[in-house]
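Good morning, and thank you for coming. Please look at the structure on the screen as I go through its strands and its core.

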Amino acid sequence: MKIAAGKTTDIPKGESRLIQAGDQAVLMFNLSDGFYATQPRCTHVFAPLKRGKILDDKCVQCPLHRAKFDIRTGEVDAWASFPPGVQLLNVVRGEKKLKTWPVEVDGDQLFIIVE
Ligand code: FES
């Protein structure tokens with residue numbers, strides 16, 4: 001099923017925006033080769049990734065403990081590493097990838113594809 005998820009013009013190149021797509025909030029990224037949608041909160045302890053940094057047109061870095069996720073796949077690139085001692089928390093909050101959705105573009109309309 002295709003669900004409308006904002007407009008291409010809502011999201012400047014190299015940035016992300018929180019978009020409501022039906023019942024689902026997604027973080028929509030505009031990268032060099034297109035648009036990508038991930039879940040909006042970090043899988044570690046749920047910090048909002050909209051405040052994270054986009055690194056090298058590839059990863060989003062969580063603003064809280066600096067986990068890095070590949071925006072295109074959701075895979076963990078680096079797990080929570082800050083501040084020192086966060087590793088204790090990691091014992092119970094192990095690595096978990098971000099949920100992602102395929103994105104379709106039709107004119108200036110963005111869609112996510114959900115099953
Ligand atoms: S909440 Fe994102 S790394 Fe901890």
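Two strands are said to pair if DSSP finds at least two bridges between them. Please note also that what you see is a predicted model.

Let us begin with strands E2 and E3. They run antiparallel and are joined by six bridges. Within this pairing, Ala-21 stands opposite Gln-24 in E3. The two strands form a hairpin with two residues between them. In that turn, Gly-22 has a positive phi of about 65 degrees.

A second hairpin is made by E10 and E11, again with two residues between the strands. Here Gly-107 is the turn residue with a positive phi of about 65 degrees. Strand E10 covers residues 103-106 and runs antiparallel to E11, with four bridges joining them. One of the pairs is Val-103, whose bridge partner in E11 is Ile-112.

I turn now to the interior. In soluble globular proteins, nonpolar side chains tend to be buried together. In this model, the largest nonpolar core has 23 residues. Among those with the most contacts inside it are Ala-5, Val-26, Ala-37 and Ile-112. Strands E2, E3, E4 and E11 are the elements that give two or more residues to this core. Which of them gives the largest share? That is E3, with four residues.

Finally, consider Val-26. What is Val-26 in contact with, leaving aside its neighbours within four places in sequence? The contacts include Ala-5, Ile-19, Ala-21, Ala-37, Trp-101 and Ile-112.

Technical notes. Residues are numbered from 1 along each chain as its sequence is written. This is a predicted model: local features need pLDDT of at least 70, side-chain atom pairs count only at pLDDT 80 or more; totals for chains, interfaces and linings use all residues. A nonpolar core is a set of buried Ala, Val, Leu, Ile, Met, Phe, Trp, Tyr and Cys residues joined through C-beta atoms within 7 Å. A residue is buried if 20 or more other C-beta atoms lie within 10 Å of its own, exposed if 12 or fewer, and partly exposed in between; C-beta atoms are placed from the backbone. Two residues are in contact if their C-beta atoms, placed from the backbone, lie within 7 Å.
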